[in-house]
Amino acid sequence: MKLSRREIIGGAAFGGAAISAIAATGCAPVGEGQAPPRADLTEGLTTDTVAHAERVLGLSFEPDERQLMLESLESALEDLAKIRANEIPYELSPAHVFSPRLPRRTIKAQKNALFLRDRIEPPAPNGDDAIAFASVADQAVWLRSGQITSARLTEIYLSRIERFAPGLECFVTLVPEIARRQAADADREIAAGKYRGMLHGVPYGLKDLADVKGVATTWGAEPFRDQVATDDATVVRRLRSAGAVLLGKTTCGAIAYGDRWFGGRTRNPWNPNEGSSGSSAGSAAATAAGLCAFSIGTETLGSIISPSERCGATGLRPTFGRVSRKGFMPLCWSLDKVGPICRFVEDAAIVLAAINGFDADDPSSARIGFGYDGRIDLSALTVGYVPAWFEAGDEADRAALAALRDVGVQLREFPWPEGDFSALGSIVTVEAAAAFSDLTLTNRDDELSWQAAQGWPNLWRAGRFYPAADFVQVDRLRRRLMIEMAEAFEGFDAVIGPHRAGGALLATNCTGYPQLALRAGFAQTPSRGGPGGGEASLGETFETPRGVSLWGNLFEEGKILALGAALEERLGVAAKRPPKF
């Protein structure tokens, strides 16, 4: 059936015509399971329509200019209809690919190498709880020496998951059959001398944005709760190659936002009355509660750092492009990153060594090795700090700064870029609106339980009104910040500060710099709210973890991990467990 130009324009204007709604999503026609389109407009455009649109877009034109624009705008709507008539799968990336690298600035080559700090390796304890909360580094020694088996370690975690996970709501799918089979394989290989490395036989949890063939990948959201993966994510393959044992899928906030998912709200093990923050909510909660040895999280704008802070875990957001995102839900192609969540800093180095590497299936993937040496001379490193950040911080922040000074680094004031770059947050809104365009255009965004001003459905709808020309300007501002960050980092190996001070979380995410969050102390806090999680409560307080962050140069995670490991040892608070776990 050939549609008239006027009918095409009407479909483009509101996403309601069959050519735009059905073809773009592959859904059945209305009446066969598809939500009805929002509305249809067949009257075309008038100068009054343009005048009203100007107010939304922050523009102002003269009447004769509006009249002149009409034909061009009708052509633009026709183009929109053609775009929406294409089936665009979630995994298809844009042609423009973000890179954190700047021209004329070299990135030092690295050899893949892993050298942990000198330490005394303790014998395996008798108690299951002590084994469960041990570091990956210690578990690796016990597994290789035969003091424990992967089968036993896996059963310890499966038992703890059965006992504690329902209260924390931190696992959405368990795969005990896969876990036991992989553990048995690991024990046979280790016994035969076929040792794959420090993750061989170590059980982990995987954020439910990653695909495992034959296992549900729900993205925490109602429209996708029955979605089953047909292939493995690259990170899953690399962990399997390293001999790690998959326990199951950890919960994540719906479409990678917050700690609310279709089954409930993931809880903080230090205070189960509050959420664990998001969106790597289940990964952080499960790791902190000793339900897995480590976990995999993702971050677009705080989704590793925020729950790691709330739950007292160690979260590493690697440099953009270091870890493949193939097989993970795309939310924001120019910001999405995959990284480890652990209980101890050097465990993050062990995991990153296993999942790092170029992947031709990820257009943003970088071809660079990962080297970590925990024995480096810290006195040769220069660490920056912004005095105002610590003046506005708390005692845990200041204690971390003092501890870093005590380990012998050179501390210097850091020239943090000035200016307001908060508008860069629109990158997430607009790219996410594009990624989940079909939910908006077919009205299926109503299936998401969180319907609020800050919820995805509303943000996606508003994101469609962001002017394309101004979005290009945002990208140019992003490039300016990249240049300013590179200039600021000259002569510095790292920066220390509170996680979000000075807009650092947004700035370093948008420029691709790595961030390490680690526990720095504790504070008495009331039960806190969060996105989709209600208001903070008054009255009873709980001892909850406080953290601090280290930022490094592009692809220099090794340095901030070495600094973090020394800081962790100096502060002496990492081993404390949540009281009821």
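**A walk through the predicted model**

Ser279 is found in the loop between strand β8 (271–275) and helix α10 (281–288), where helices (H or I, at least four residues) and strands (E, at least two) are DSSP runs numbered from the N terminus. The peptide bond that leads from Gly278 to Ser279 is cis, with omega near 0°. In another loop, the one between α4 (63–84) and β1 (113–115), lies Arg104, a residue other than glycine whose phi is positive, near 70°. As background to both, most residues other than glycine have a negative phi, and most peptide bonds are trans.

This is a predicted model, in which local features need pLDDT of at least 70 and side-chain atom pairs count only at pLDDT 80 or more, while totals for chains, interfaces and linings use all residues. Residues are numbered from 1 along each chain as its sequence is written, and side-chain values use heavy atoms, with hydrogens and water left out.

The predictor's confidence in each residue, called pLDDT and running from 0 to 100, has a mean of 92 over the chain, with 91% of the residues at 70 or more. Over residues 1–42 pLDDT stays under 50, although the model has 76 contacts beyond four places in sequence for them, a contact being heavy atoms within 4.5 Å. Where pLDDT is low, the predicted coordinates should not be read in detail.

Two helix pairs can be followed next, with axes that are lines fitted to C-alpha atoms over the stretch in contact and angles that run from 0 to 180 degrees between N-to-C directions. The axes of helix α7 (residues 150–168) and helix α8 (residues 176–191) come within 8 Å and cross at roughly 155°, which makes α7 roughly antiparallel to α8. Here angles under 35 degrees count as roughly parallel, over 145 as roughly antiparallel, 65 to 115 as roughly perpendicular and the rest as oblique. On the α7 side the contact includes Ser150, Thr154 and Leu158, which meet residues of α8 including Pro176, Arg180 and Asp187.

Helix α14 (residues 395–406) packs against helix α20 (residues 557–571) at an angle of about 110°, with the axes 9 Å apart, and the two are therefore roughly perpendicular to each other. Ala399, Ala400, Ala403, Leu404 and Asp406 of α14 make this contact with Leu563, Leu567, Arg570 and Leu571 of α20. By class, the contact has seven nonpolar, no polar and two charged residues, with Ala, Val, Leu, Ile, Met, Phe, Trp, Tyr, Cys and Pro counted as nonpolar, Asp, Glu, Lys and Arg as charged, and the others, Gly among them, as polar.

Helix α20 also supplies at least two residues to the lining of the second largest pocket, as do α6 (136–145) and α12 (345–355). On a 1 Å grid over the protein atoms alone, a pocket is an open set of points with protein on both sides within 12 Å along at least five of seven lines, a cavity is a set where a 1.4 Å probe fits but cannot get out, and lining residues have an atom within 4 Å of a point. The second largest pocket holds about 640 Å³ of space, and Arg119, Ser135, Asp138, Phe344 and Glu568 are the closest to its centre of the 29 residues that line it. Its lining has 15 nonpolar, two polar and 12 charged residues.

Conventions. Grid points are joined across faces, edges and corners, and a volume is the space filled by probe spheres set on the points.
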